[in-house]
Amino acid sequence: MNDAEVVLVTGASYGLGSEIAKHFAARALKLGRDLVLVLTARSEERLRAVAAEIQLPGVRTQVIAADLESTEDRRRIADTVLNSHGRIDVFISNAALSPFRLFEDLSVDEIDSILIANALAPLSLCRSFLPSMIARGRGAIVLNASMAGKYGLPFNAAYSASKGALILWAQAMQSELRGTGVGVRVICPMSISRVGVSARGGQKTPWILGEVTPERVCQAIYRAAHGGPLEVVISKWPIRPLLAAVQLIPALGPAAVRWLGVTKMYAAIGRPSRTLVSGRRTGEPRLPPAPREPDTGRRPGGKIGRSIDGSEGGRTLE
Ligand SMILES: NC(=O)c1ccc[n+]([C@@H]2O[C@H](COP(=O)([O-])OP(=O)(O)OC[C@H]3O[C@@H](n4cnc5c(N)ncnc54)[C@H](OP(=O)(O)O)[C@@H]3O)[C@@H](O)[C@H]2O)c1
């Protein structure tokens, strides 16, 4: 299996991650390609159960039980993959913590966990794998983000922040990796049906919001591992016009979130400690207008940030 494709999937013990692993195995079998699937998550027993389901000719599985919140475990994942196989072809960052709760209902430790597992860990693993990918002139990084990374969603504040970080990182890396043969792609799915955290939440996703099937997301991830655009948004209905509108007119965002039924759906799952204000009322007190600066007669001129006599904030610039 020397020319087998080596693929690491995080969060492969259940939910979408185990579906991704099975999808890669099925594709390898269909295309007659050898594949080494490295599956990681915390629960070894579940990982072994997933590996046992993937008993296909030409497909070898390796299980690494590890906690992405642990620096030592992340190092062990990277070392195990690179030492066992001498390379990594595809890194699929899929593991995530996704509690649907009000930000204030999360403990400080839980917020740390979300940001470490969802954002810091994938970036730190990328840092471990990139030098060998760049040296070989090939490799792909696929980050499973979320629609919540495209627009911050209520009951998902820390989660949205972690997913948004992945998207921005991928954008920056696309420029840094140009010409290296290494690709970076980010997947932004809407609510996924049947498997994963939204399905476990037990709430019906509003029709207008729409769900996407795990098969569609797995196909997108498989394609992204082998080429394609930086960002793949996966939604039932075309969502980019709405995202563009919210970028142009940010005040539309909260209304769109309510109108699509996101707040209601996540409130039902998240059992918040207080009720969120609905409708147009924001509850924010009206503040008096800011006092005007006295007119000193000076007008800006010359370089940005300097007043005409060259002073700035009491300090003379050289
Ligand atoms: N489900 C959706 O509707 C949806 C929508 C958009 C995006 N996504 C994204 O799709 C991905 C998969 O979501 P999912 O719904 O399948 O999630 P899930 O069912 O909750 O599974 C999460 C996976 O991550 C692993 N994991 C969690 N914390 C970990 C840690 N500290 N260290 C190592 N592994 C850890 C879990 O395994 P262990 O517990 O065994 O560690 C599990 O395998 C996530 O990135 C999610 O943000 C999901």
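Val197 sits in helix α6 of this predicted model. Helices are DSSP runs of H or I with at least four residues, strands are runs of E with at least two, and both are numbered from the N terminus. Val197 counts as partly exposed because 17 C-beta neighbours fall inside 10 Å. A residue is buried with 20 or more other C-beta atoms within 10 Å of its own, exposed with 12 or fewer, and partly exposed in between; C-beta atoms are placed from the backbone. Beyond its neighbours within four places in sequence, Val197 is in contact with Gly15 and Ser98. Contact requires C-beta atoms, placed from the backbone, within 7 Å. Val197 and Gly15 are 182 residues apart along the chain, yet their C-alpha atoms are separated by 7.1 Å.

Residues are numbered from 1 along each chain as its sequence is written. Because the model is predicted, local features need pLDDT of at least 70 and side-chain atom pairs count only at pLDDT 80 or more, whereas totals for chains, interfaces and linings use all residues.

Of the 28 residues around the ligand, Gly11, Gly15, Arg42, Gly196 and Ser198 come nearest. The elements giving two or more residues to this shell are α1 (15-31) and α6 (197-201). Helix α1 provides the largest share, three residues. Here a residue is near a molecule or strand if its C-beta atom, placed from the backbone, lies within 6 Å of it. By class, the shell has 12 nonpolar, 12 polar and four charged residues. Ala, Val, Leu, Ile, Met, Phe, Trp, Tyr, Cys and Pro count as nonpolar; Asp, Glu, Lys and Arg count as charged; the others, Gly among them, count as polar.

The largest nonpolar core holds 74 residues. Such a core is a set of buried Ala, Val, Leu, Ile, Met, Phe, Trp, Tyr and Cys residues joined through C-beta atoms within 7 Å. Val7, Ala21, Leu37, Leu39, Ile92, Val142 and Ile221 touch the most other members. Helix α4 (residues 108-136) gives the most to this core, with nine residues. Leu39 touches Val9, Ala12, Ala21, Leu47, Val50, Ala51, Thr61 and Val63, residues up to four places away in sequence not being counted. Arg127 also lies in helix α4. Arg127 is exposed, because it has 11 C-beta neighbours inside 10 Å.

Helices α8 (residues 240-248) and α9 (residues 252-259) pack at an angle of about 145°, with axes 8 Å apart. Leu242, Ala245 and Val246 of α8 meet Leu252, Gly253 and Ala256 of α9. This contact has five nonpolar, one polar and no charged residues. Axes are lines fitted to C-alpha atoms, for helices over the stretch in contact, and angles run from 0 to 180 degrees between N-to-C directions.

Two non-glycine residues have a positive phi. Phe155 has a value of about 70° and lies in the loop between β5 (139-144) and α5 (157-176). Phe155 is buried, because 24 other C-beta atoms lie within 10 Å. Arg271 has a phi of about 40° and lies in the loop between α10 (262-270) and β8 (311-312). Arg271 is exposed, because it has 11 C-beta neighbours inside 10 Å.

The mean pLDDT of the protein, the predictor's confidence in each residue from 0 to 100, is 90. Across residues 300-318, pLDDT stays under 50. Where pLDDT is low, the predicted coordinates should not be read in detail.

Notes: Two residues are in contact if their C-beta atoms, placed from the backbone, lie within 7 Å.
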